[in-house]
Amino acid sequence: LDRKKVLLEQYETTPELVADIVFIAINDIKDKIVADLGCGNGAFALASYLVGAREVHCVEIDRDAIEVALKNFGGRDIKIHNINVKDFNIRVDTVIMNPPFGYQIPGADRIFIEKALEISDIIYTIHHVGALPYIRKILDKRGEIEFEKDYKLNIPYGYSFHKSESRNIDVKMIKIRVKRYG
């Protein structure tokens, strides 16, 4: 993505990280309806499609990112929604996402978690390790973390406030099972 927008916290998820998470999530992706919230370049959406998702939805507010995702999809049948994640209301089996961490706009990550809890029963999501207590509070009685795995996410220099060429940050991928009552 050439024109990254700082307020959207647009950092690419590495192909290795995408492949590992999709491999872990394969039973919740294959033959399922999947949404990639804040899809950016579409890496999770494309990987989900390639491992056999029945239907894939790519939700992204940034038109420039959508253009990159469309090129990456190469004409494959992945549904594009150029909207705010808050406005996506299609019920899916699984959400897989790398949402903003909420550094630039506090609470931005919460919007993604809340939407995922609303539309899906299974969520795979990546967060800064320090956010886990906050995520657990959001999940209170609504979902439980079934699995977690630590990763290093390389953040390359891309914004004027960055002080080094790149930086590895500790992140955690968590699998959430949503609790439904009634």
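**Close-up views of a predicted model**

**View 1. The disulfide of C39 and C58.** With 70 degrees about the S-S bond, the link between C39 and C58 is right-handed. This view, like those that follow, is taken from a predicted model. The sulfur atoms of C39 and C58 are 2.1 Å apart, and the disulfide count comes to 1. A disulfide is a covalent bond between the sulfur atoms of two cysteines. C39 lies in the loop between β1 and α2 and C58 in strand β2, so the pair ties together parts that are 19 residues apart in sequence. C39 counts as buried, at 5% relative accessibility; C58 is buried as well, with a relative accessible area of 0%.

View 2. Of the 5 residues in β2, 4 are buried, and the strand is mostly covered. β1 pairs with β2 in the parallel sense over 5 bridges, and the bridge partner of A35 in β2 is H57. β2 also runs parallel to strand β3 (residues 79–81), to which 3 bridges join it. In β3, I80 is the bridge partner of C58. Two right-handed β-α-β units can be traced here: one is made by β1, α2 and β2, the other by β2, α3 and β3.

**View 3. Helix α2 and its surroundings.** Buried residues of α2 are F44, A45, L46, A47 and S48. The buried residues of this helix pack against α1, β1 (33–37), β2, α3, β4 (94–97) and β5. G52 follows α2 and has a positive phi, near 105 degrees.

**View 4. The largest nonpolar core.** This core has 27 residues, and I21 and I96 are those with the most contacts inside it. At least two core residues each come from α1 (15–29), α2 (43–50), β2 (55–59), α3 (63–73), β5 (122–128), β6 (143–156) and β7 (166–178). Helix α1 supplies the largest share, 6 residues. In soluble globular proteins, nonpolar side chains tend to be buried together. Leaving aside residues up to four places away in sequence, I96 touches I21, V22, I29, V34, A35, D36, L37, F44, S48 and Y124. Another core, of 23 residues, lies apart from the largest one; M97, F112, I123 and I176 are among its members.

**View 5. The salt bridge of D20 and K149.** The structure holds 16 salt bridges. In the one shown here, the closest N and O atoms of D20 and K149 are 2.7 Å apart. D20 lies in helix α1 and K149 in strand β6, so the pair ties together parts that are 129 residues apart in sequence. D20 counts as partly exposed at 23% relative accessibility, and K149 counts as partly exposed at 30%.

**View 6. The salt-bridge network around K175.** D28, E146, K175 and R177 are linked in a network of salt bridges. The side chains of D28 and K175 meet at 3.2 Å, N to O. D28 lies in helix α1 and K175 in strand β7, so this pair ties together parts that are 147 residues apart in sequence. D28 counts as buried at 14% relative accessibility, and K175 is buried with a relative accessible area of 12%. K175 also forms a salt bridge with E146, their closest N and O atoms being 3.3 Å apart. E146 lies in strand β6 and K175 in strand β7, so these two tie together parts that are 29 residues apart in sequence. E146 is partly exposed, with a relative accessible area of 37%.

Technical notes: Residues are numbered from 1 along each chain as its sequence is written. This is a predicted model: local features need pLDDT of at least 70, side-chain atom pairs count only at pLDDT 80 or more; totals for chains, interfaces and linings use all residues. Side-chain values use heavy atoms; hydrogens and water are left out. A nonpolar core is a set of buried Ala, Val, Leu, Ile, Met, Phe, Trp, Tyr and Cys residues joined through side-chain atoms within 4.5 Å. Buried means under 20% relative accessible area, exposed over 50%, partly exposed in between (1.4 Å probe, protein chains only). Contact means heavy atoms within 4.5 Å. A disulfide is a pair of cysteine sulfur atoms within 2.5 Å. Two strands pair if DSSP finds at least two bridges between them. A crossover is right-handed if, with the strands pointing away from the viewer, the path from the first strand over the helix to the second runs clockwise. A salt bridge is a side-chain nitrogen of Lys or Arg within 4 Å of a carboxyl oxygen of Asp or Glu.
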